[in-house]
Structure formats: C-alpha cells, structure tokens
Amino acid sequence: MFKLLAVTDRASCREAFADRLRRLAASGIDALILRAKELPPQDYLTLASQAQLICQANRLPLILHTCFDACQAAGSFSLHVSYPQLVQQPQLRTQVQRLGVSVHTLTEAQQAAALGADYLIAGHIFATACKQGLPGRGIDFLREVCDATPLPVYAIGGITPANISRIKKAGAAGACLMSSLMTCPEPALLVRELRRELGEERQDFF
C-alpha cells in the first residue's frame, strides 16, 4: 500500500516545533523522518529523544536523519542519510536495522541499492519552494528509479493532492512531504485529502 511520510523542516515551522511534531504524529502519516541538519549532534539527540516519546505515544515509526550517534544513543534502529554520506560511511549498513538513502540520479539509486539501502527517497520530482529555481526531475525520472531497483522508492518534492496519483502510477511505494506538512494549518486534513485522492487507508510502515 502507498505510504505517506513526513519529513521535518524546522525553518518553515510556524509554531512551536514540538507542537507541530505532536500534530504530525496524530495526523495519520505512516512514518516521521526527523530532519534537522542545522543542529549540532547533542541538540539533535535532545530533539530526537523528544520526538521519540511523541511518536511512541502515537505508535508512529520514527526515522532519524544523518546523525548515527543520535540513532545509537536513542536506541533507534532506523536512519536516513544522503547518498554521499552512505558512500563515505558504508559501515552504516551494518550499524542500523533499517537504512534509507536520498538519491537524485539513476546511478545513485543503483549504487545505494548495491550498498545495502533498504529504501530510497528520490527527488525532487516537482518544483518546490525548498529547491527554488531548480526544475523538478519529473515523473519519468521517478519511473526510471522505480524500475531500476526492487527497493521501495518514495518520491519527494512538490507533491500535492493534485499530483499524488501520478506518483503512485509511476511505481513509487509512497510519497514524502516536507514543507506542506510543516506549514499547513491542519496536517490531519491534508493527510486525509491525500488519502482520499489515493483511495487508500493508512497501513503500518514497519
């Protein structure tokens, strides 16, 4: 079943970040990726511990981002990294239970799969405010990545209720949403609208 993942962005959050985390965790998403690359490691660990409690209360899978030390300290088994980080630290594959990798080319997708990634996030697919001035890589790119690897591929970048069905038809296992879920007045309403367009209900991510 098609999954909806939230990716955090503290810079675009218009309320207390902890409050937005609670609303995201209760919105009906399938997993939360805690992205906060601007934070130093100790501050990220503090945030990860807070997010972990919120996600556990909502039985929501939490995926930490970039910082393996925080992943280890928090006792979390899921980590998401960039493709360059995986190339530089291939040992991460043996240090976490579930490893996700962001890719931006077909070659990166194939190499990430060869290095042991469990899932991929491919983007950005459509134009998005997060990548101002850069055109999206498009549905054909997403389809190529999905066809080139047996791994679950999650699309990211400019995804809305108006285009999410195109993401699903391209073969993606799901979609990641960042700025829209961080800035919308009510995350649960946006998630409900997305699922209505998909004609699917929430399923367990892990």
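Helix α2 spans residues 41–57. Its 17 residues reach 24 Å from first C-alpha to last, close to the 24 Å expected at 1.5 Å a residue. That expected span is 1.5 Å times one less than the number of residues. Helices here are DSSP runs of H or I with at least four residues, strands are runs of E with at least two, and both are numbered from the N terminus. The model is predicted: local features need pLDDT of at least 70, side-chain atom pairs count only at pLDDT 80 or more, and totals for chains, interfaces and linings use all residues. Residues are numbered from 1 along each chain as its sequence is written, and side-chain values use heavy atoms, leaving out hydrogens and water.

Stay with α2. Tyr44, Leu45, Leu47, Ala48, Ala51, Gln52, Ile54 and Cys55 are buried in this helix. Buried means under 20% relative accessible area, exposed means over 50%, and partly exposed lies in between, using a 1.4 Å probe and protein chains only. The cover over these buried residues includes α1 (17–25), β2 (31–34), β3 (62–65) and α3 (68–74).

Now the interior. In soluble globular proteins, nonpolar side chains tend to be buried together. A nonpolar core is a set of buried Ala, Val, Leu, Ile, Met, Phe, Trp, Tyr and Cys residues joined through side-chain atoms within 4.5 Å. The largest such core has 65 residues, and Leu34, Leu120, Leu142 and Ile167 touch the most other members. Helix α2 gives the largest share of this core, seven residues. Another core lies apart from it, with 10 residues, among them Ile33, Ile63, Ile121 and Cys176.

Which residues does Ile167 contact, leaving aside neighbours within four places in sequence? They are Phe2, Ile125, Phe126, Ile139, Leu142, Ala155, Ile159, Ala172 and Gly174. Contact means heavy atoms within 4.5 Å.

Next, the open space. The second largest pocket has a volume of about 200 Å³. Of its 13 lining residues, Gln52, Leu62, Ser76, Phe77 and Ser78 are the closest to its centre. The largest share of the lining, three residues, again comes from α2. By class, the lining has six nonpolar, six polar and one charged residues. A pocket is an open set of points on a 1 Å grid over the protein atoms alone, where a 1.4 Å probe fits, with protein on both sides within 12 Å along at least five of seven lines; lining residues have an atom within 4 Å of a point. The volume is the space filled by probe spheres set on the points, which are joined across faces, edges and corners. Ala, Val, Leu, Ile, Met, Phe, Trp, Tyr, Cys and Pro count as nonpolar, Asp, Glu, Lys and Arg as charged, and the others, Gly among them, as polar.

The backbone deserves a look too. Arg59 follows α2 and sits in the loop between α2 and β3. Its phi is positive, about 50°, although Arg59 is not a glycine. Is Arg59 buried or exposed? Arg59 is exposed, at 78% relative accessible area. Thr66, in the loop between β3 and α3, also is not a glycine and has a positive phi of about 75°. Thr66 is partly exposed, at 30% relative accessibility.

The loop between β6 (119–123) and α7 holds His124. The peptide bond from Gly123 to His124 is cis, with omega near -10°. Gly133 is found in the loop between β6 and α7 and is exposed, at 79% relative accessible area.
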